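The sequence and structure come up next.

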Amino acid sequence: MQCRAGCGACCIAPSISSPIPGMPEGKPAGVRCVQLDARNLCRLFGSPERPEVCSRFVADVQVCGETREQALHLLGEWERLTAA
Ligand code: SF4
Ligand code: SF4
């Protein structure tokens, strides 16, 4: 699937353990990344400062669902399952 530009759910729901500019410890699950702008686009897109985990993330209907709300829910569930 194509990433829905302006969704941003994968920059909010999951935790990220690698450092992000402005978030040196990474970010907890459910917290909005400081690099996510008001349009829900990544300020670091295309920059070498963007964490590798973000660049590797590929949109997939199994985690992105059909809507932003579904993505927030599915990614949150995935986080809970893998954090155990
Ligand atoms: S959750 Fe999926 S659709 Fe939404 S921004 Fe991330 S990759 Fe794109
Ligand atoms: S650095 Fe960019 S892609 Fe990664 S979580 Fe933050 S806003 Fe999203």
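Predicted model: local features only at pLDDT ≥ 70, side-chain atom pairs only at ≥ 80, totals over all residues.

**Labels and their grounds**

Q: Which residues does Gly22 contact, leaving aside its neighbours within four places in sequence?
A: They are Val34 and Gln35; a contact here means that the C-beta atoms, placed from the backbone, lie within 7 Å. Cys33 in turn touches Cys11, Ile20, Met23 and Lys27, not counting residues up to four places away.

Q: What makes Pro51 buried?
A: Pro51 has 20 C-beta neighbours inside 10 Å, so Pro51 counts as buried. Pro51 sits in the segment before α1 and, beyond four places in sequence, is in contact with Ile16, Ser18 and Ile20.

Q: Why does Asn40 count as partly exposed?
A: Its 16 C-beta neighbours inside 10 Å put Asn40 in the partly exposed class. Asn40 is also in the segment before α1, and its phi is near 60°, a positive value in a residue other than glycine.

Q: Is Glu77 buried or exposed, and how do you know?
A: Exposed, because Glu77 has 12 C-beta neighbours inside 10 Å. Glu77 lies in helix α3, residues 68-83, and its C-alpha atom is 9.2 Å from that of Pro14, 63 residues apart along the chain.

Q: How many helices and strands does the protein have?
A: There are three helices and zero strands, where helices (H or I, at least four residues) and strands (E, at least two) are DSSP runs numbered from the N terminus.

Q: What makes the protein as compact as a globular protein of its length?
A: Its radius of gyration is 12 Å, close to the 12 Å that the globule rule gives for 84 residues, so the protein is as compact as a globular protein of that length. The radius is taken over C-alpha atoms, and the rule is 2.2 Å times the number of residues to the power 0.38.

Q: Which residues make up the largest nonpolar core?
A: Twelve residues do, among them Cys7, Cys11, Ile16, Ile20, Cys33 and Leu75. Such a core is a set of buried Ala, Val, Leu, Ile, Met, Phe, Trp, Tyr and Cys residues joined through C-beta atoms within 7 Å.

Q: Which residues are around ligand 2?
A: They include Cys11, Cys33, Cys42, Cys54 and Pro51; to be near, a residue needs its C-beta atom, placed from the backbone, within 6 Å of the molecule. Around ligand 1 we find, among others, Cys3, Cys7, Cys10 and Cys64.

Terms used
Residues numbered from 1 in each chain as written. Chains lettered and ligands numbered in written order. Contact = placed C-beta atoms within 7 Å.
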